[in-house]
Amino acid sequence: MRFSTQTLLLQLGVVLLVVLLSGAVHAWLVYERIGDEAENQALTLARTVAADPNIREDVQAISKEEGTPPASVLAAGPLQAAAEAARIRTGALFVVITDETGLRLAHPEIARLGERVSTDPSVALAGQEITTRNTGTLGPSAGAKVPVYAPASAPSPDNAATAGPIVGEVSVGYSMESLSKSLAQDIVPIALTAGGALLAGVLASFLLRARLQRLTLGLEPEEISTLVHDQVAVLQGVDEGVIGIAADGRISVFNAAAARLLDLPDATGQDWTTANVPGQLKQLTRPAARDAEAVELVAGGRVLVASARKAWHRKEDLGWVVMLRDRTELQQLTRQLDAVGTMSTALRAQRHEFANQLHTIAGFMSIGQHEQAKEYLARISATGPLKFPVEQAELLQDTYLQAFVGAKSVEASERGVALRIGPETLVRGHVADPQDVTTVLGNLIDNAVSAAVAGSASERWVELELLDDAGQDSGTLHIVVGDSGDGLGGLEPEEVFAEGFTTSEQPVRPGAGQGLGLALVRQLARRRGGDVRVLETGRKGGPGAVFMATIPGVMGRAADGGAEAPTGTASGTEAGTTMREDSSG
């Protein structure tokens, strides 16, 4: 049996029990009230009969005689006639008159005249009035007993008779069957009231059952308990963020992974429209949004892929479920892989050049041109066996930076852009955190190359300056990147760092950020205590914008302690200024 059915039956049982008990108590109270009224009525009639002067005289006269008159004499006497007249007139079950010993002088049944009454008359014969409910010879009754006093021997001055000694008693009773008939008349409203209460209780029980089924989605308590345990185990055990939005717009689920990925406190219970979550997530759950629509956003220094699905149970709308997946490491690895692929392509191209150089040397030696061979080898030693299209590449001493920038120069050269190293570049340490350096440096170079390609200047170039403080413990790398593009095109510097911002529709700078790059690198740098900012917004016709990134903790000291900085070496900001002056001619 389902839990809702059990609850319904239990409620119906309780309602039925309460109605029956209430009806029974109400009926009992009515019955008691009718009985009390019958007793009071019997007492009034008994007092009236006992106060009749003729009856008092007749009872006194019989009490003075020796013995009790026979039943035939009593039946024809005035007491019997008066008692029967009173009984018939009031509808009483009996009106009985006795002498001072309790013998019947008047009774509805002639055969019982002269006999002792079936109920104890001692209280009334002692001078007290009493109401009773008992069963006598005529059946159960509610009645009263009142003493009969003899008339006074002499009238009082106002000619009123005064009471004398007790010469008998009057007992009056009303049948309990007549009380039951009265109760039957009064019980109809009671029954209707009880029936109405029972019907209301049944209706309320069915409504409560329907609401219980709706709230529990028809699930049993055991199933709900299992779901709760499963929800806690799943939501807190997965690395993906899960946000549940109920149909009323309230956040019902906000697991720990979601709080970690968004870098926000638990928002459970908050209104979704006013919650402190990125606006792109709210756009996913707008009424016109498509189910399973996905977006990329930057939050908490991470690149997240968010998707939303509509939740249904049968035909009931339960709201939305928003899923968050961390793609930061994947994007970093993808960027590194692209750099490695580019570098491999460059190395394959240089392998052919290296083979040609060896053939040239072998040719010189075979024809005896030893001096020309020596000069050719000297030129190769000066430039190196592999030559990336990077101007002033000798300013970079770190092998990782040489390889990465060299790979980027190959990409830039294929797009018609010259990548050059600024004269103020000085890197004395070695790269200790390649991932963050790759993310920041790669984004800035890619954006600058795209800006140079889209620019209106005839000469397309990107200039890069790198400075570090390897002599200190902070291990900070300063990066300044400028280009020959058309600048930000009137945009405010902070606009290009907005989450989701892209300038793909702006022909003056189509690569500035690509929606995620600049927002990501700024958050990454700030998470380390650094920053990424715009030093110069640029202008139409060039030079273009100049970006500066400061990344603490990514550089390590060189093994020999690093070379001394030459006198007059510019700082990051000074380097940027020198670059701008040089770029402007």
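In the residue classes used here, Ala, Val, Leu, Ile, Met, Phe, Trp, Tyr, Cys and Pro count as nonpolar, Asp, Glu, Lys and Arg as charged, and the others, Gly among them, as polar. The model is predicted: local features need pLDDT of at least 70 and side-chain atom pairs count only at pLDDT 80 or more, while totals for chains, interfaces and linings use all residues. Residues are numbered from 1 along each chain as its sequence is written, and side-chain values use heavy atoms, with hydrogens and water left out.

**Cavities and pocket**

A cavity is a set of points, on a 1 Å grid over the protein atoms alone, where a 1.4 Å probe fits but cannot get out; a pocket is an open set with protein on both sides within 12 Å along at least five of seven lines, and lining residues have an atom within 4 Å of a point. A volume is the space filled by probe spheres set on the points, which are joined across faces, edges and corners. Helices (H or I, at least four residues) and strands (E, at least two) are DSSP runs, numbered from the N terminus.

There are 2 cavities of 30 Å³ or more in the structure. The largest cavity has a volume of about 190 Å³, and of its 19 lining residues Phe94, Ser118, Thr119, Gly136 and Ser171 are the closest to its centre. Strands E1 (94-99), E3 (130-136), E4 (139-151) and E5 (163-175) each supply at least two residues of this lining, with E4 giving the most, 5 residues. The lining of the largest cavity comprises 6 nonpolar, 11 polar and 2 charged residues.

The largest pocket holds about 950 Å³ of space. It is lined by 25 residues, and Leu217, Gln231, Ser252, Val253 and Leu318 lie nearest its centre. Elements that give two or more residues to this lining include helix H6 (176-215), helix H7 (221-237) and strand E9 (302-313); H7 gives the most, with 7 residues. By class, the pocket lining has 16 nonpolar, 5 polar and 4 charged residues.

**Salt bridges**

A salt bridge is a side-chain nitrogen of Lys or Arg within 4 Å of a carboxyl oxygen of Asp or Glu. The structure holds 22 salt bridges; three of them are tabulated below.

| Glutamate 39 | Arginine 133 | 2.6 Å |

Because glutamate 39 lies in helix H1 and arginine 133 in strand E3, their pair ties together parts that are 94 residues apart in sequence. Buried means under 20% relative accessible area, exposed over 50%, and partly exposed in between (1.4 Å probe, protein chains only). Glutamate 39 is therefore buried at 12% relative accessibility, whereas arginine 133 is partly exposed at 32%. Glu32, Asp36, Glu39 and Arg133 are linked in a network of salt bridges.

Glutamate 463 and arginine 420 are both buried. For the remaining pair, aspartate 468 is buried, with a relative accessible area of 7%, and arginine 428 is partly exposed, with 23%.

**Surface patch**

Leu10, Val14 and Val18 form a nonpolar patch on the surface, with about 270 Å² of accessible area together. Patches are made of residues with over 30% relative accessible area and no salt bridge; like charges are joined within 9 Å, and nonpolar side chains (Val, Leu, Ile, Met, Phe, Trp, Tyr) within 5 Å. Accessible areas come from the Shrake-Rupley method with a 1.4 Å probe, and for residues only the protein chains shown count as cover. Valine 18 lies in helix H1 (residues 3-50) and counts as partly exposed at 45% relative accessibility.
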